[in-house]
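This report describes a predicted model.

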Amino acid sequence: MDKFGSAESTKFDTYASRMMPREEYFTSGHRSCQGCGEALAVRWVCKAIGKDTIIAHATGCMEIVSSAIPQTAWMHPWIHVAFENTSAVASGIDAALNILERKGKLKGPRPKVVAMGGDGGTSDIGLQALSGALERGHNFTYVCWDNEAYMNTGIQRSSATPFGAMTTTSPPGRRSIGQKTWKKDMVAIAVAHGIPYVATASPGYLFDLYFKIRKAIETPGPAYVHVLSVCPTGWRSATDLSVRLARLATETAVFPLYEVVEGRHRLTVEVPKLRPVKDYLKPQGRFRHLREPEIDFIQKQTLANYELLLQKCKSSFPEFAPIHLPQVG
Amino acid sequence: MAQKMTAGKRIGMEVSIAVSYAVQLSRAEAIAAYPITPQTHIVEHLSSLVANGELEAEFITVESEHSAMSASIGSAAAGARTYTATSSQGLALMHEILFIASAMRFPIVMTVANRALSGPLSIWNDHGDIMAERDIGWIQVFVENGQEAFDHSIMAFKIAEDHRVLLPMIVNLDGFILSHVVESHQLLDQETVDRFLPPLVPYHRLDPAKPVTMGAFAMPELYTEMKMAHQMALTNSYGPILEVWREWGALTGRHYQPVETYRTEGAKVLLLIMGSLAEVAETAVDELQALGEPVGLVKLRLWRPFPFEELRKAVAGADLVLVCDRALSLGGGANPVLAEVRSALYPLAVRPQVLGYTVGLGGRDVQPADFIKLLRHGQAEAKQGPSQEFFMYGVRG
Amino acid sequence: MSKSWDQWTWQEIEIGGVLTEPGSARAYNTGDWRSSRPMWDKKRCIKCGICWTVCPEAGISEEPDGYFDMNTYCKGCGICVKECVTGCISMVLEGE
C-alpha cells in the first residue's frame with residue numbers, strides 16, 4: 001500500500017516501559033473482567049493525568065468495578081453522579097475552580113479536570129452534556145472509554161457499536177445481520193465543536209495513549225480523547241488477546257490512531273501496509289455470524305473512511321472554526 | 001444594573017430582581033442555570049450582575065436543566081457556593097439528579113418559580129412542578145410575597161451549609177404571581193449579610209491534596225442504612241432551620257415559623273394553604289370575620305421536613321379544616337397538602353374533619369370570593385358527609 | 001473500621017457515602033479469581049517491563065533483582081504472555 005500524505009509519527013520522550021511512572025493511580029483490587037482492555041487504558045490514563053487532577057466519571061463498567069462502597073480503586077479525587085451528565089458535572093467543577101482561584105481560595109496548583117465516560121455515556125445519552133461542555137469551552141479533558149456497546153448492563157448496542165456486531169439488542173437472526181448502522185464518528189463531532197485537541201488512542205499502543213493524554217491535559221480549553229477499549233467479555237474474544245486486538249484494530253484501519261490539533265489531522269501511528277479487516281474480525285465472536293458480503297462491505301467502508309482521514313491529514317487548511325476567539329475590547 | 005440597594009428603605013422592584021439581589025448578597029460563587037418561564041428574570045439579572053463584575057461568580061450557561069443541576073453538583077463538590085433556579089418542565093427534567101444532590105449532601109440552593117407542569121403546556125402558576133418532587137430529600141419552603149422571597153433566599157444558604165444539615169434547599173415562589181410582580185422590599189446591606197452568612201466551609205471537597213471518592217454505589221446491605229442517614233439528616237435539619245429563622249428575626253424583625261396562623265383564635269373552621277394565595281385567603285378570612293364567622297387561616301411555610309407537631313397544634317381547636325392545594329394528585333385519594341395534613345392528624349384521638357380542594361391550577365385566578373364560595377361548599381359537604389375524596393374548585397362542566 | 005461493611009449502622013456511614021480512603025480497593029484480592037497464572041523463565045527474560053506495562057490489574061511487580069513476577073492481584077488473563085517480547089512467560093494452571 002502506498003504511503004499517504006505527510007503524516008508523521010509522534011516523537012515521544014520515552015519508549016521504555018521501565019522509565020514510565022511506577023505509581024498506580026487506578027489501583028489493583030478493581031473488579032473488571034480478566035483481560036479488560038478498558039481497565040488497562042484507565043490505568044495508564046490515570047498515570048498520565050498526574051496527581052493534581054479531579055475526575056468526574058459516568059455510570060458504566062469502570063465506575064461500577066471500581067467504586068462499590070467501601071472500596072475505591074481511585075487515588076484521585078473522584079465523583080460519580082449519573083450516566084449522561086459527566087460533562088456537565090465537569091463543567092461545574094471547572095467553574096468552581098475558576099471562581100475559587102480568582103478568590104484566592106485554592107491552596108496549591110489549580111487541579112486539572114478530566115471527565116470520563118463510556119461510549120453509551122458519550123455518544124448516546126451523554127452527547128448533549130458533552131456538546132454543551134465543549135461548546136462552552138471549559139478547561140477539561142473528556143476521555144471516552146469505547147468498548148462499543150453498553151457492556152455494564154449486558155452488552156446492548158450503542159451508536160458506537162461497529163457495523164455487523166452482535167449485541168443483545170442487535171442480535172443476528174433471520175432478519176438481521178447484527179448492528180445495522182456504521183459506528184458514529186465521535187472524533188468528527190468533537191472536532192466540529194472547534195476545540196483545540198482531539199485524538200484517538202488505544203491500549204494497543206500505550207505510549208501513544210500516555211503522551212496523548214498528557215497533551216490533552218496540558219491543552220487549555222476542552223480536549224477529547226477517544227479510547228478503543230477492548231472488551232473480551234462483550235466482543236467474545238480471548239482474554240489474552242486484548243492488547244493484540246487493539247493493535248489489529250489500528251493495523252486494519254478499523255481504528256486509526258491520530259490526533260487533530262486545532263483542526264489539523266495527523267496520524268500518530270503509521271501503518272505502512274494495512275492488514276485485511278478479517279484479521280481483526282476473526283478472533284471476535286461478536287462478528288462470527290458475518291458472511292462474505294458483510295465482511296466485504298466492512299472492508300470497503302473501512303478503507304473509504306481511512307482514505308477520507310488521509311485526505312484530511314493532507315489538507316492544506318483545516319475545516320476548523322475555533323470556539324476560543326481572541327478577546328475583543 | 002437597575003437599582004442601587006439601600007438598606008432599610010423599602011424599594012419597589014420585581015420580586016425576581018429582589019431574589020437575584022439576595023443571591024448576590026449571599027455571594028453565590030457558581031450559578032448554573034437554564035432559562036425557563038417564569039424564572040428567567042432571576043437568571044438574567046444575575047447574569048448582568050456577573051457581567052458587570054458586581055457579583056464575583058461563574059455563570060455557567062448550561063444546555064439543559066438536567067445539566068444545570070449536574071453542574072451544580074460539580075461546583076458544590078469542588079467547594080463553591082452554588083445556586084440555580086428553575087420552574088415546571090425544567091424542574092421535571094432535573095428529577096433524577098435532584099435525589100442524587102441531596103443524597104450526596106451538597107448544600108445547593110435553588111429557587112423554583114412554581115409553574116404548572118405540561119400537559120397541556122402552561123406557563124402559569126401552580127404547585128404541580130414542586131409537588132412532583134416531594135420525595136427528593138431537599139429542604140423545601142414556600143414564600144408568600146417578595147420580602148419573604150428575598151429573606152428566605154439568603155437564609156437558605158445558611159441553613160443548607162450548616163454542617164449539622166448539609167442538604168440542598170428549595171425556595172418556592174409562585175411563578176408570575178410573585179416572580180413578575182413589583183412589590184416593595186426592604187433589602188439588607190452587604191456587611192449585614194456577610195455577618196449573618198459567613199463563607200462556605202465545605203464538608204467534603206474534591207481536592208487532590210485529600211482525595212475522596214464521591215458517588216460510589218451501595219450494595220443491598222448498605223442502601224437502607226444510607227437512606228436512613230438521609231432521612232435523619234432531613235428530619236434533624238428542623239432544629240437548625242428554626243435557629244436560622246430566629247436569628248433572622250432578631251436581625252430584621254421579620255419572624256418566620258414552619259406553620260403560621262391568621263386569626264385562628266377561637267376559629268372553628270380553618271382554611272389551609274401554602275404560597276402567595278395565603279394573602280388572598282387572609283382577605284377572605286377578614287371578610288368572614290367581619291360577618292361574625294369564626295373562620296381562620298393556617299399557612300404552611302415549611303414543606304420538607306414536614307412540621308407535624310406545629311400543624312397539629314395549629315388546627316387543634318377547629319372542627320373543620322379545608323385544605324386548598326394548588327396541585328392535583330391524579331388518581332389518588334388526596335392532593336399533596338391534603339395528604340400530609342390528614343396523615344399528620346390521623347394518630348390523634350380527637351381531630352377536625354379535613355376536606356380538600358384544588359384551586360388555582362394553571363394560573364387560574366383565585367379571589368377572596370372564591371375562598372368564601374369554597375368554604376360554603378365545604379361546610380355543606382362536612383355536614384352531610386363528603387360526597388368525594390376531594391373536590392376540584394371552579395371547574396366548568 | 002474493624003466491623004465488616006455489611007454490618008455498618010447508619011451512623012457509621014460517612015456523610016453522603018463519601019469514601020475517604022483512596023485505593024481501598026486493594027483490600028479485595030482479585031487473585032482468588034484466577035485458574036491459571038503466568039510463569040516467567042528468567043533465563044529468557046530481558047527485564048524490559050512490557051509485561052508490567054500491559055497488565056490491566058497492575059498485577060505484575062518488579063522484584064529486587066529486576067525481574068518481574070505476578071503479585072497477589074493477577075486474574076490470570078494471559079495478556080502478559082501474549083505481549084512478552086521474548087516469549088518467556090507461559091501460563092500454567094494454578095497449583096502446578
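Along its sequence, chain C of this predicted model runs in the order β-α-β-β-α-β. That makes two helices and four strands in chain C. The radius of gyration of chain C is 18 Å, well over the 12 Å that the globule rule gives for 96 residues, so chain C is more spread out than a compact globule. Taken along the principal axes, the box filled by the C-alpha atoms of chain C is roughly 55 × 25 × 20 Å. Buried residues make up 36% of the 96 residues of chain C. If contacts in chain C are limited to residues at least 6 apart in sequence, 63% of them join residues at least 24 apart.

**Helix packing in chain B**

Two packed helices are described by the angle between their axes and the distance between the axes. In chain B, the axes of helix α1 (residues 15–25) and helix α7 (residues 146–161) come within 8 Å and cross at roughly 20°. Angles under 35 degrees count as roughly parallel, and α1(B) and α7(B) are therefore roughly parallel to each other. Their crossing, α1(B) with α7(B), is right-handed. On the α1(B) side the contact is made by B:Val15, B:Ala18, B:Val19, B:Ala22, B:Val23 and B:Leu25, and on the α7(B) side by B:Gly146, B:Ala149, B:Phe150, B:Ser153 and B:Ile154. Sorted by class, the residues in this contact of α1(B) with α7(B) are nine nonpolar and two polar, with no charged residues.

Towards chain A, 40 residues of chain B are in contact with 42 residues of chain A. At least two residues of this side of chain B come from each of β2 (30–32), β3 (58–60), α3 (65–78), α5 (95–103) and β9 (213–214). Of these, α3(B) gives the most to the side that touches chain A, with ten residues.

Towards chain C, 18 residues of chain B are in contact with 13 residues of chain C. Here β9 and α9 (220–236) of chain B each supply at least two residues. The largest share of the side of chain B that touches chain C is six residues, from α9(B).

Definitions and conventions: Residues are numbered from 1 along each chain as its sequence is written. Chains are lettered from A and ligands numbered from 1 in the order in which they are written. This is a predicted model: local features need pLDDT of at least 70, side-chain atom pairs count only at pLDDT 80 or more; totals for chains, interfaces and linings use all residues. The radius of gyration is taken over C-alpha atoms; the globule rule is 2.2 Å times the number of residues to the power 0.38. A residue is buried if 20 or more other C-beta atoms lie within 10 Å of its own, exposed if 12 or fewer, and partly exposed in between; C-beta atoms are placed from the backbone. Two residues are in contact if their C-beta atoms, placed from the backbone, lie within 7 Å. Axes are lines fitted to C-alpha atoms, for helices over the stretch in contact, and angles run from 0 to 180 degrees between N-to-C directions. Angles under 35 degrees count as roughly parallel, over 145 as roughly antiparallel, 65 to 115 as roughly perpendicular and the rest as oblique. A crossing is left-handed if the near helix is turned anticlockwise from the far one by less than a right angle, and right-handed if clockwise. Ala, Val, Leu, Ile, Met, Phe, Trp, Tyr, Cys and Pro count as nonpolar, Asp, Glu, Lys and Arg as charged, and the others, Gly among them, as polar.
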